[in-house]
Amino acid sequence: MSTAKKEYKRITTKTLVDMKKKGEKISMLTAYDYTMARIVDNAGVEVILVGDSASNVMAGHETTLPITLDQMIYHASAVIRAVKRSLVVVDIPFGSYQSDPKEALRSAIRIMKESGGHAVKLEGGSEIKESVKRILNAGIPVMGHLGLTPQSIYKFGTYTVRAKEEEEADKLKEDAKLLERAGCFAIVLEKVPAKLAAEVAKNLTIPIIGIGAGGGVDGQVLVTHDMIGMTHEFNPRFLRRYLDLYTDMTNAFSKYIGDVKSGDFPNKEEQY
Ligand code: KIV
């Protein structure tokens, strides 16, 4: 059992802010289904993100844009049924909050009511300020997401590092402050220079969780299927693979096929 597991029972948004105060790093991973969430929660991760990356990982879409609110609620409900300790944050998908703050609140309420999630995540800064405030006013915790925000991929035109230029870096710093002032409990910073991310983390009291944002932030998030090597086409520099499950699973499936075809499976002990 890890130290973190002994020290904290249920992880809350306050736990995360306290961890930052104490200089303890926060670990966050994605899950979209019951079985994976059970393993990730039991391993002792503080935050499970039901990310809209489910659109890529689960459904095979090229971007995160197609996934719907109903589909996010389906994934989040399965995760919630598995989780005993981690804080579960659910992405509000593209098209469910951008048009106006009332729609944003309606989507956040549906996620909380129908899935039992503990918090929501939205992408953007000043553009979504009113939506963030309205959701927070309803008592729903909000995690921000700045830097490379995949729901805006067609605006960016590329998945390369964001905020390398001063103008974009300044806007990102302002947006981070704005989200903190609005009441967000944490912010994900995706694919930005490590120096900028460290500066943002230093200037804010809420935790900054990085993905491709270096080690100077308050925690890290990775897509679970990438870090355990179930996916193998996606190889950004920031990704550390802890397993090569693509190869291990392919070998297991090939062995099973061979055993079925040769008649080796099932043997006498594997039948009634
Ligand atoms: O959807 C997702 O998995 C995310 C992470 C990459 C932070 O937003």
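**Stop one: histidine 225**

Select histidine 225 and show what surrounds it: leaving aside neighbours within four places in sequence, histidine 225 is in contact with Tyr32, Met36, Val57, Met58, Met230 and Thr231 (contact means heavy atoms within 4.5 Å). Histidine 225 sits in helix 11, residues 224-227; helices here are DSSP runs of H or I with at least four residues, strands are E runs of at least two, and both are numbered from the N terminus. With a relative accessible area of 7%, histidine 225 is buried. Buried means under 20% relative accessible area, exposed over 50%, and partly exposed in between, using a 1.4 Å probe and protein chains only.

A word on what you are viewing: this is a predicted model, in which local features need pLDDT of at least 70 and side-chain atom pairs count only at pLDDT 80 or more, while totals for chains, interfaces and linings use all residues. Residues are numbered from 1 along each chain as its sequence is written, and side-chain values use heavy atoms, with hydrogens and water left out.

**Stop two: serine 55**

Now select serine 55, in helix 4 (residues 54-57). Serine 55 is buried, at 0% relative accessibility. Which backbone oxygen lies 2.8 Å from a polar atom of its side chain? Show threonine 63 and you will find that oxygen. Beyond four places in sequence, serine 55 also touches residues including Gly60, His61 and Pro66.

**Stop three: glutamine 151**

Next, pick glutamine 151, in the loop between strand 5 (142-147) and helix 8 (153-156). Glutamine 151 is buried as well, at 6% relative accessibility. Show tyrosine 97: its side chain and that of glutamine 151 are joined by a polar contact of 2.8 Å. Such a contact is a pair of N or O atoms within 3.5 Å; within protein, one must be able to donate a hydrogen and the other to accept it, and residues adjacent in sequence count only if both atoms are side-chain atoms. The backbone oxygen of isoleucine 92 lies 3.2 Å from a polar atom of the glutamine 151 side chain.

**Last stop: two domains**

Finally, colour domain 1 (3-241) and domain 2 (244-272), whose bounds come from an automatic or database domain assignment. Their C-alpha centres lie 38 Å apart. Where they meet, four residues of domain 1 are in contact with four residues of domain 2.
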